[in-house]
Amino acid sequence: MHLFQTDARSVSGSSLDEPRLLSGHWAELLTFLSVAKAGSITRAAEQLGASRSTVNGQIRRLQDVVGAQLLISSASGIALTPKGEELAKSLARVDRDLFLATRQAAAPRGVVEGSVRLSCPDGLGLIVITPALRRFSDQYPGVQLHLNALQNYRSLRENSTDCMIGFSPDEQKDVTNVRLGWLHLAPVAGREYLAERGMPTLATLHEHDFLDTEKYAAPVPPWTQWQDLVRQGRATRHFSDNAIIYAVMVKAGLGIGLLASYTFQEPTLMHVPLGLEIRLPIYASILTDRLQDRSVAVVRDFLVDLFAAQPWFDPTFTAQIGTTHPGLDLFLGS
């Protein structure tokens, strides 16, 4: 189990109480934290722009200071000892606190400034968030959004993202989860495909091609309902785990795909009524103490208002066709 997984054991107290550590060994401590996060001395050295021998030397000096072995190195990476886990947890908390304090100190009184790292699925970032950024920038010119691809909850604790949009809440006590809405997915096909092959029905699925992705492969509901439709088809024509490529393949008439509600508005696509609609809750997950940073708080409020204004994410949404959206042209290559 990686130390920064959310189900890793909690550690009480702090291993930074030894005055010598914080007073004279910052470089070694930061190097050790980088190794713990990366799970590898080699990867940590690359991220730090240092040599592997330099990183090894700093780890050895730190171990001499604390009087204990902190990690065990192997060909597959590193494993932290119990003392190493305790120290890494303490350092991660200090890292988050310093990061927050530095950003708050840098902003003039009463001014909201800062860089907020937001990770989200590609489709939501491109179709929903990006078109609204000009309005957000006009309101908060001092706040810079750094949009990244969807990450896992470990990223919150590694201090590599401030807010993460996902489809399940992080149940840890130190995380605030905000429900943004619901993502609806349903079978969709391009009008070109339907003109050539006809509208599919449950009785004629064996005559039709499907497009699939590993993201829908989990052997649990609701994905099993989609997999059952795919198995009834003539062929699984192509796969893609990239959301943009997958949507464009559907638009290109290559087969039936399972797409999110916002693509229903593209006029070259049509909803295929096969009795399947998948509904996933959308959450913004943020470490609670980061909400003390006003720039993070205003991004949270921006997301809540943005998703609430979109009919696609309403729990009662049903598939509709014909109204385009500025982000769809880029998303679907129009």
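This is a predicted model: local features need pLDDT of at least 70, side-chain atom pairs count only at pLDDT 80 or more; totals for chains, interfaces and linings use all residues.
**A buried histidine and its surroundings**

Reader: Is His-184 buried or exposed, and why?

Author: Let's find the residue first: His-184 sits in strand 6, which covers residues 175–190. Buried means under 20% relative accessible area. His-184 has a relative accessibility of 1%, so this residue counts as buried.

Reader: Which side chain makes a polar contact with the side chain of His-184?

Author: Good one! The His-184 side chain also reaches a backbone atom, the oxygen of Asp-314, at 2.7 Å. The side-chain partner, at 2.8 Å, is Glu-277.

Reader: How far apart are the C-alpha atoms of His-184 and Ser-261?

Author: Along the chain, these two residues are 77 residues apart.

Reader: How many residues are in the largest nonpolar core?

Author: Among the members that touch the most other members are Ile-165, Trp-226 and Phe-313. Apart from this core lies another, of 20 residues, including Phe-32 and Leu-80. The largest nonpolar core has 61 residues.

Reader: Why does Leu-30 count as partly exposed?

Author: Leu-30 belongs to helix 2, residues 26–38. Together with Trp-26 and Leu-98, Leu-30 forms a nonpolar surface patch with about 290 Å² of accessible area. Leu-30 counts as partly exposed because its relative accessibility is 47%.

How values were computed:
Residues are numbered from 1 along each chain as its sequence is written. Side-chain values use heavy atoms; hydrogens and water are left out. Helices (H or I, at least four residues) and strands (E, at least two) are DSSP runs, numbered from the N terminus. Buried means under 20% relative accessible area, exposed over 50%, partly exposed in between (1.4 Å probe, protein chains only). A polar contact is a pair of N or O atoms within 3.5 Å; within protein, one must be able to donate a hydrogen and the other to accept it, and residues adjacent in sequence count only if both atoms are side-chain atoms. A nonpolar core is a set of buried Ala, Val, Leu, Ile, Met, Phe, Trp, Tyr and Cys residues joined through side-chain atoms within 4.5 Å. Patches are made of residues with over 30% relative accessible area and no salt bridge: like charges are joined within 9 Å, nonpolar side chains (Val, Leu, Ile, Met, Phe, Trp, Tyr) within 5 Å. Accessible areas come from the Shrake-Rupley method with a 1.4 Å probe; for residues, only the protein chains shown count as cover. A salt bridge is a side-chain nitrogen of Lys or Arg within 4 Å of a carboxyl oxygen of Asp or Glu.
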